[in-house]
Protein chains: 2
Amino acid sequence: MLDRLGEVAVRTGLNIKPGQQLIITAPLESASLVRRITEHAYKAGSSLVTTFYSDDEATLARYRYGHDETFDTAAGWLAHGMTEGFREGAARLAITGSDPVLLADQDPSRISRAARAASVVNRPAMKIITSFDVNWTIVAASTVAWARQVFPFLQDDEAVSELWQAIFKASRITGGDPVAEWAAHNTQLHKRAAFLNDARYEALHFTGPGTDLTVGLADGHHWAGGAEKAGNGVICNPNLPTEEVFTTPHRLKVEGHVVSSKPLFNQSSLIDGISVRFEGGKITEMHAVKGQDVLARILDTDEGARRLGEVALVPHSSPISQSGVLFKNTLFDENAASHIALGQAYSKCMRDAEGLDDTALAARGANNSILHIDWMIGSGETDVDGLTSDGQRVKLMRKGEWVIS
Amino acid sequence: MLDRLGEVAVRTGLNIKPGQQLIITAPLESASLVRRITEHAYKAGSSLVTTFYSDDEATLARYRYGHDETFDTAAGWLAHGMTEGFREGAARLAITGSDPVLLADQDPSRISRAARAASVVNRPAMKIITSFDVNWTIVAASTVAWARQVFPFLQDDEAVSELWQAIFKASRITGGDPVAEWAAHNTQLHKRAAFLNDARYEALHFTGPGTDLTVGLADGHHWAGGAEKAGNGVICNPNLPTEEVFTTPHRLKVEGHVVSSKPLFNQSSLIDGISVRFEGGKITEMHAVKGQDVLARILDTDEGARRLGEVALVPHSSPISQSGVLFKNTLFDENAASHIALGQAYSKCMRDAEGLDDTALAARGANNSILHIDWMIGSGETDVDGLTSDGQRVKLMRKGEWVIS
């Protein structure tokens with residue numbers, strides 16, 4: 001199964017091209033998956049695979065032993081190198097699997113200083129990813145620390161094994177021909193995106209317990225989902241798994257209140273029971289039952305951190321949602337529920353965006369930030385309507401399920 | 001002991017400064033040592049520790065599955081990033097421990113193409129290291145593949161454990177106060193280097209079974225050894241262990257013939273039973289019992305690959321030599337025997353070299369190459385004399401031991 005996940009990551013996720021370099025970021029514990037991916041990448045003709053391993057223990061050592069004045073430091077030199085790699089055409093694969101609450105007991109101010117410093121230096125590389133200039137994907141690997149959080153009542157080895165099974169299933173690789181099944185799944189997502197692109201709604205209206213939120217869409221927004229063509233011409237699947245169709249909200253046109261439907265894990269901390277009010281696109285009131293201080297620091301990161309950069313629709317019947325597993329990891333949880341994202345918009349979710357700078361895109365409503373944080377708001381009780389420019393209301397989802405064909 | 005090695009690496013090897021970033025390169029299997037080093041670096045005030053893990057399995061996958069036309073590719077973008085990191089003052093720590101014969105069964109032409117491509121892009125970073133602009137060090141970690149080569153008749157876990165013990169002992173950390181013992185050892189090495197610097201020999205003359213070699217020294221050569229002050233003002237120990245005093249030979253003034261006293265492991269291949277003839281500083285004849293094709297490709301890398309960039313004196317009674325262990329790793333084996341190095345000279349081994357470019361240094365005899373490969377020629381039967389400019393001959397070593405006070 002590990003080999004199959006490696007093959008699907010390379011063929012479906014990245015669709016790596018002969019002669020293309022590949023840059024992998026991965027937790028140390030995921031070396032066995034990295035090796036499968038590396039083999040498949042070389043078989044597919046990759047000219048060089050470079051892996052950057054991260055180590056939760058080393059990250060924690062910084063908080064335990066590092067001097068306080070050093071927490072604004074980031075590896076700018078490495079960010080510059082990676083940006084050059086992507087500019088020269090390297091593909092990017094990220095493996096997620098770190099401890100979702102690694103820094104739960106650490107000083108939130110240090111966490112946010114370190115995260116901010118990293119975001120600033122990583123911005124040019126992230127821009128290449130959010131602009132979809134190169135083919136990229138994210139897959140997951142089961143690790144002890146993560147598995148403990150997902151299956152707290154199991155022994156470590158059982159938890160790791162259960163989490164692997166959940167990843168394999170959610171990643172749609174347990175059937176007879178995963179590459180073919182992914183092709184069929186992509187066709188479904190493309191059909192949904194095409195419907196929404198034809199409709200050109202002015203706004204989406206979300207209702208549910210505690211939620212009454214109108215999300216205006218950006219001028220010339222574009223719905224995406226499933227496999228897409230990157231700026232380098234390569235058709236790839238940026239997330240494995242992916243169940244969403246998504247587009248760019250208007251940064252100034254979000255109104256109402258909304259509550260989170262799943263906990264959010266960000267900056268290695270837990271934020272739960274979030275409720276916020278939007279006025280003129282901006283969060284003007286917020287509350288969280290857990291992690292309110294972390295959320296407050298996130299919202300204070302920059303001007304764009306209080307505004308939306310993405311809105312995504314996911315049916316409640318998605319396999320991940322049906323599995324009943326709360327993965328405590330955005331890659332999975334965002335594909336179990338409709339969601340919004342604070343921060344940076346994807347320029348690939350804007351029509352005719354080529355050559356436009358941030359200012360031009362912002363004028364059409366696309367948000368700008370060093371962050372991009374997905375945040376789940378959908379459930380089996382969520383209704384979604386599309387609002388047209390001539391005042392019509394079209395039912396899109398009822399009780400979390402699509403009601404369009 | 002692992003923690004002690006980590007502490008000595010940070011305090012004696014690097015002497016890392018508060019606010020200084022640290023870049024580590026390490027085999028995947030050495031994560032436990034990397035974590036100890038990371039902790040001690042943060043305790044000492046390092047502002048950020050970034051580790052690049054290498055994985056023998058991934059390297060091998062390239063040779064097994066990679067397409068032939070891709071072997072001239074290197075990660076130039078990463079080399080540029082690391083160079084920037086060093087230019088901005090980051091310290092560098094390398095952990096050695098990869099399989100010494102990982103690529104023994106692979107196509108030598110591919111190995112040399114890949115090594116050459118990597119050397120070319122890494123040259124600016126290597127220049128910073130060979131010019132000793134920043135504090136850096138190398139330490140070792142025991143790994144299964146390496147331990148198997150050193151102790152082929154032991155079980156894997158026993159071999160790994162034996163190799164760790166040998167590393168701890170050779171690295172002089174098994175006594176009561178390793179940091180103090182290193183200080184005393186450094187004083188000894190400084191005394192030897194001072195003697196040789198005062199003497200200003202014109203050449204060294206090596207004799208022994210199969211060897212009669214005169215190594216002219218560069219004009220204004222400088223003997224170094226033990227702890228030294230880097231260009232950034234930090235006093236560090238570039239190798240742990242280190243038993244050598246070394247200087248720059250004259251690239252045009254090496255005459256005679258020499259045989260190797262230990263096998264050479266380079267480009268993950270074994271080269272053994274080397275004998276070569278030098279004329280006018282250049283290797284004009286060469287033979288190797290094993291790995292002659294690999295050696296031939298090394299010598300053809302560039303003009304400077306056939307000339308010497310370093311000559312080093314190590315007594316046969318060094319602890320590493322006395323341990324009787326053939327480590328099959330340059331960091332250790334070069335500290336068990338006097339040696340010469342093909343390729344790039346160290347500008348720190350030239351007096352008044354600051355601000356001089358390659359051409360100016362070459363005019364004084366310092367060699368230039370993208371390679372630097374140490375090669376053992378000393379043994380318990382080696383005699384070394386110093387030749388002065390006025391024709392005197394001074395006995396330096398007899399039967400491999402120092403005979404100067």
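In helix α1 of chain B, the buried residues are B:Leu5, B:Gly6, B:Val8, B:Ala9, B:Val10, B:Thr12, B:Gly13 and B:Leu14. The model is a predicted one. Helix α1 of chain B covers residues 2–14 and bends by about 30° at B:Val8; B:Val8 is itself among the buried residues. An α-helix has 3.6 residues a turn, so residues three or four places apart point the same way.

Directly after α1 of chain B comes B:Asn15, whose phi is positive at about 50°. B:Asn15 is a residue other than glycine, and its place is in the loop between α1 and β1 (21–27) of chain B. Most residues other than glycine have a negative phi, and most peptide bonds are trans. B:Asn15 counts as partly exposed because its relative accessibility is 22%, while buried means under 20%.

A positive phi near 50° also occurs at B:Asp352, again in a residue other than glycine. This aspartate, B:Asp352, belongs to the loop between β15 (339–343) and α12 (358–363) of chain B. With a relative accessible area of 68%, B:Asp352 is exposed.

The remaining features concern peptide bonds. In chain A, a cis peptide bond with omega of about 5° joins A:Leu240 and A:Pro241. A:Pro241 lies in the loop that runs between β8 (235–236) and β9 (245–247) of chain A. In chain B, the bond from B:Leu240 to B:Pro241 is cis, with omega near 5°, and B:Pro241 is placed in the loop between β8 (235–236) and β9 (245–247) of that chain.

Key
Residues numbered from 1 in each chain as written. Chains lettered and ligands numbered in written order. Predicted model: local features only at pLDDT ≥ 70, side-chain atom pairs only at ≥ 80, totals over all residues. Heavy atoms only, no water. Bend = angle between axes of the 7 residues up to and from the residue. Helix = DSSP H or I, 4+ residues; strand = E, 2+ residues; numbered from the N terminus. Buried < 20%, exposed > 50% of the residue type's maximum accessible area, 1.4 Å probe, protein only.
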